[in-house]
Amino acid sequence: MANQGQKQEPNPAQRLDSLTQAAGGAAAKGLPPVHLWNPPFCGDLDMRIASDGTWFYLGTPIGRPALVKLFSTILKREDGKYFLVTPVEKVGIRVDDVPFLAVEMEQDGEGAARKLRFRTNVDDWVPCNGDHRLRFEAAADGGLTPYLHVRADLWAKVTRALYYDLVEMGEIRVVDGREMFGVMSGGVFFAMADAAQAREAV
């Protein structure tokens, strides 16, 4: 017979409902200040964000975009690990690569005056500038994979189609004495590769 004073752990459905309600209440006031929240760790949740941006819960894709967007507002990264955080609890989740995808790009201006902004798969628009930087990493196919900083150590992988658009608007500039191929946005030059190697990376 269980001790009447023993606290029962919530089952997965109860925990998900609790997170949904807490996230909904926090999101109603705008993007929650998750960087200020430091609740106790309550264990891992069987939730995963695949490399294509799909969110899974208990191995099944979450089919409600509004719910995915809601959870994305309480996502936090600490020491390379990802958590869903509310003022009262923190649960760990798995992320295969990065939590977001940049799926659409808008351009205003050209060259040094260019301003780019990207829409993520959870419908957030993010400007590309000194606060939201682009970085480029070597891809398995020998090309490059761009990532855009969304907020607080959370990044979005830029889709391959948008990567080719970035290459099309690329230019060569001298950075620290080296000729680099990259793209301007928001007054910042984001280097993709050494100019001599740029053709091989595309």
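**Close-up views of a predicted model**

**View 1. D79 in its loop.** D79 sits in the loop that links strand 4 (75-78) with strand 5 (81-85). Strands (E, at least two residues) are DSSP runs, numbered from the N terminus. This is a predicted model, in which local features need pLDDT of at least 70, side-chain atom pairs count only at pLDDT 80 or more, and totals for chains, interfaces and linings use all residues. Residues are numbered from 1 along each chain as its sequence is written, and side-chain values use heavy atoms, with hydrogens and water left out. Although D79 is not a glycine, its phi is positive, about 50°. D79 is exposed, with a relative accessible area of 81%. Here buried means under 20% relative accessible area, exposed means over 50%, and partly exposed lies in between (1.4 Å probe, protein chains only).

**View 2. A152 in its loop.** A152 lies in the loop between strand 11 (144-151) and strand 12 (154-158). A152 is not a glycine, yet it has a positive phi of about 40°. The relative accessible area of A152 is 56%, so this residue counts as exposed.

**View 3. Strand 6 and its partners.** Strand 6 (residues 90-95) is mostly covered, with five of its six residues buried. Strand 1 (residues 41-49) runs parallel to strand 6, and four bridges join them. In this pairing (at least two bridges found by DSSP between two strands), D44 stands opposite G92 of strand 6. Strand 5 runs antiparallel to strand 6, also with four bridges, and V85 stands opposite K90 in strand 6. A hairpin of four residues connects strand 5 to strand 6.

**View 4. M47 in the largest nonpolar core.** A nonpolar core is a set of buried Ala, Val, Leu, Ile, Met, Phe, Trp, Tyr and Cys residues joined through side-chain atoms within 4.5 Å. The largest one has 50 residues, of which M47, L84, I93, F118 and L166 touch the most other members. Not counting residues up to four places away in sequence, M47 touches several residues, including W55, F71, L84 and I93. In soluble globular proteins, nonpolar side chains tend to be buried together.

View 5. S185 belongs to strand 14 (residues 178-185). S185 is buried, with a relative accessible area of 0%. Leaving aside neighbours within four places in sequence, S185 is in contact (heavy atoms within 4.5 Å) with R114, K115, L116, C128, N129 and F190. A polar atom of the S185 side chain lies 2.7 Å from the backbone oxygen of C128.

Note on methods
A polar contact is a pair of N or O atoms within 3.5 Å; within protein, one must be able to donate a hydrogen and the other to accept it, and residues adjacent in sequence count only if both atoms are side-chain atoms.
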